[in-house]
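Hi,

Here is the structure I promised to pass on. Have a look at it first, and then read on for what turned up.

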Amino acid sequence: MILITLEHIPAHVSFSLISVVTVIYWVTLVYQIEELSSSGGKGMIVTFGCITGSLVTRSLYSGHLPLSNLYESFMFLSWSSSLIHIVIEIWSRDTRWLGTITATSAMLTQGFATLGLPEKMQQSAMLVPALQSHWLMMHVSIILLSYATLLCGSLSSIAYLIITSQINRKIVLIANNCFLRSFLTHKNGYSRGQEENDLENAFNFPLTNSRQYQLTSQLDHWSYRTIGIGFSLLTIGILSGAVWANEAWGSYWSWDPKETWALITWTIYAIYLHTRINRGWQGEKPAIVASLGFFIVWICYLGVDLLGIGLHSYGWLI
């Protein structure tokens, strides 16, 4: 009973803290307040520590790794988002954009786990026979970590598409104004050189001098890096799952719904990386593929739990 209470305290503290940190990062993204951005990074570290404490305490009184039901997987997903933030923050100087993605993801996943799920589904239970294996830590933890990493990369691509669409609209608006000015003043000595100079400024200013362009460059860069890492983790998770399936069910692959959607997810991100590495695509085209992957990951992760079918439906929702 004491351990259950000790588990709930850091879980609720971390949720309250990550909610505040999320607001901080959204404010700093707009107003660029360095002090708030620094406090947001420290808040993510404390949040990571609290979630870690909650998961460790739960594993102590349950006797197994806390990855056996929907509540525990969502808590681990929130923990993974916090970990990704801390790792990228070590490599990157400006993490305001990062915090709006990782902190929001951690808050929403943990909020769904603690507030959205019934209390009965939040309770720890005995492992089903198929999960009573040393492969639980290897397979499930790697898969969930890959989901969190891929979701972070896909959200970066979605943010990239939103911001670039705003930049494109700005370019079109400025260009139209220049053409209109050229038409109205051409008879009054508006030279062709002046016209070309205005057009050059119209197309170069939003791309080279605006903060939006710098942000899109960072988003595109880190989306590629995180998806690359997430794809590697997903590959390891699928391979380890195949070995575990052979031990538990006598077959490496049985086209279970979860296995099928995992393969679809792997294929989508393989296409993304192929276009980036071999074809040299950058910008909007690969970002669209990565954005599609965001929805595929959620179907793979929650689809089986919502339907309650297949060999993987341990913590189904209905």
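Before the annotation, a word on how to read it: UniProt positions are given in the numbering used here, feature names are shortened, and annotations may be inferred rather than shown by experiment. Please also keep in mind that this is a predicted model.

With that said, the unreviewed UniProt entry carries the annotation "transmembrane region" for residues 12-31, 43-61, 73-91, 137-163, 222-245, 260-275 and 287-311. I looked at two of those spans. Residues 137-163 are 100% helix and 0% strand, with 39 Å between the end C-alpha atoms. Residues 222-245 also come out as 100% helix and 0% strand, and there the end C-alpha atoms lie 34 Å apart.

The chain has ten helices and zero strands, so the order of elements from the N terminus is simply α-α-α-α-α-α-α-α-α-α. The chain has 318 residues, and 48% of them count as buried.

The largest pocket has a volume of about 720 Å³. It is lined by 31 residues, and the closest to its centre are W26, T100, I101, L155 and A159. Which helices build the lining of the largest pocket? At least two residues each come from α1 (2-31), α3, α4 (96-116), α6, α8 (211-249) and α10. Among these, α4 gives the most, with nine residues. By class, the lining of this pocket has 22 nonpolar, eight polar and one charged residues.

Helices α2 (34-62) and α3 (70-91) each supply at least two of the lining residues.

On to the aromatic side chains. A search of the whole structure finds ten aromatic pairs. Take F74 and Y301: their ring centres are 5.4 Å apart and their planes meet at 55°, so the pair counts as tilted. F74 belongs to helix α3 and Y301 to helix α10 (residues 284-307), so this pair ties together parts that are 227 residues apart in sequence. Are these two residues buried or exposed? F74 is buried, with a relative accessible area of 3%, and Y301 is buried as well, at 5%. Both also belong to a cluster in which ring pairs link F74, F112, Y147, W298 and Y301.

One more ring is worth a look. The charged end of R276 sits over the ring of Y224, 4.5 Å from the ring's centre.

Next, two contacts between parts of the chain that are apart in sequence:

- L150 lies in helix α6 (residues 135-185) and is buried, with a relative accessible area of 0%. The C-alpha atoms of L150 and I229 are 8.1 Å apart in space, while the two residues are 79 residues apart in sequence.
- F231 lies in helix α8 and, at 15% relative accessibility, counts as buried. Its C-alpha atom is separated by 7.0 Å from that of W266, 35 residues apart along the chain.

W255 lies in the loop between α8 and α9 (257-277). W255 has a positive phi of about 55° although it is not a glycine. Why does W255 count as exposed? Its relative accessibility is 55%, and the cut-off for exposed is over 50%.

If you want a place to start, go to the largest pocket with its volume of about 720 Å³, and then follow the ring cluster of F74, F112, Y147, W298 and Y301.

Cheers

Conventions:
Residues are numbered from 1 along each chain as its sequence is written. This is a predicted model: local features need pLDDT of at least 70, side-chain atom pairs count only at pLDDT 80 or more; totals for chains, interfaces and linings use all residues. Side-chain values use heavy atoms; hydrogens and water are left out. Helices (H or I, at least four residues) and strands (E, at least two) are DSSP runs, numbered from the N terminus. Rings of Phe, Tyr and Trp (its six-membered ring) pair if their centres lie within 6.5 Å; planes under 30 degrees apart count as stacked, over 60 as edge-to-face and the rest as tilted. Buried means under 20% relative accessible area, exposed over 50%, partly exposed in between (1.4 Å probe, protein chains only). A charge sits over a ring if NZ of Lys or CZ of Arg is within 6 Å of the ring centre and within 35 degrees of the ring normal. On a 1 Å grid over the protein atoms alone, a cavity is a set of points where a 1.4 Å probe fits but cannot get out, and a pocket is an open set with protein on both sides within 12 Å along at least five of seven lines; lining residues have an atom within 4 Å of a point. Grid points are joined across faces, edges and corners, and a volume is the space filled by probe spheres set on the points. Ala, Val, Leu, Ile, Met, Phe, Trp, Tyr, Cys and Pro count as nonpolar, Asp, Glu, Lys and Arg as charged, and the others, Gly among them, as polar.
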